[in-house]
Amino acid sequence: MSIIAIQLKQVLRNRRFFLFTILLPGIGYVFMIQVASTSLPATGNFQLALLLLALLMGILGNSIVTFSKRICSNKDFYILQSHISHYSL
């Protein structure tokens, strides 16, 4: 099995991936559409802009979660934590 397949498997098993990449941006998009429909005229361009904003929220959420997971799973992270922490290994 290649390294890319293993990493993809890890990402898909991650619950935070679904929460911050799919669920929260989806809820945010529905919320933004509801708020915008009560105060502004719903045009196609405006809804597209809100969709792009929700997609960017998902991409940012996913990148933060994936980056933090990769950093925490690295052995050097634990060595760094042991040097700057008051506790020993």
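Select Ile33 to start: Ile33 touches Gln47 and Leu50, leaving aside residues up to four places away in sequence. Contact here means heavy atoms within 4.5 Å.

This is a predicted model, where local features need pLDDT of at least 70, side-chain atom pairs count only at pLDDT 80 or more, and totals for chains, interfaces and linings use all residues. Residues are numbered from 1 along each chain as its sequence is written, and side-chain values use heavy atoms, with hydrogens and water left out.

Helices (H or I, at least four residues) and strands (E, at least two) are DSSP runs, numbered from the N terminus.

Now select Ile27. Ile27 sits in helix α2. The cut-offs are under 20% relative accessible area for buried and over 50% for exposed, with partly exposed in between (1.4 Å probe, protein chains only).

With Ile27, they make a nonpolar surface patch of about 410 Å². Patches take residues with over 30% relative accessible area and no salt bridge; like charges are joined within 9 Å, nonpolar side chains (Val, Leu, Ile, Met, Phe, Trp, Tyr) within 5 Å. A salt bridge is a side-chain nitrogen of Lys or Arg within 4 Å of a carboxyl oxygen of Asp or Glu. Areas come from the Shrake-Rupley method with a 1.4 Å probe; for residues, only the protein chains shown count as cover.

**Across to α3**

Draw a distance from Ile27 to Ala54. They are 27 residues apart along the chain, and their C-alpha atoms are separated by 8.9 Å. Next, pick Leu55, in helix α3. Leu55 is partly exposed because its relative accessible area is 47%. From Leu55 to Tyr29, the C-alpha distance is 8.7 Å, across 26 residues of sequence.

**The whole chain**

Zoom out. The protein chain has 4 helices and 0 strands. Buried residues make up 15% of its 89 residues. Among contacts with a separation of 6 or more, 53% join residues 24 or more positions apart. The accessible surface of the chain is about 7300 Å², with 70% belonging to carbon and sulfur atoms.
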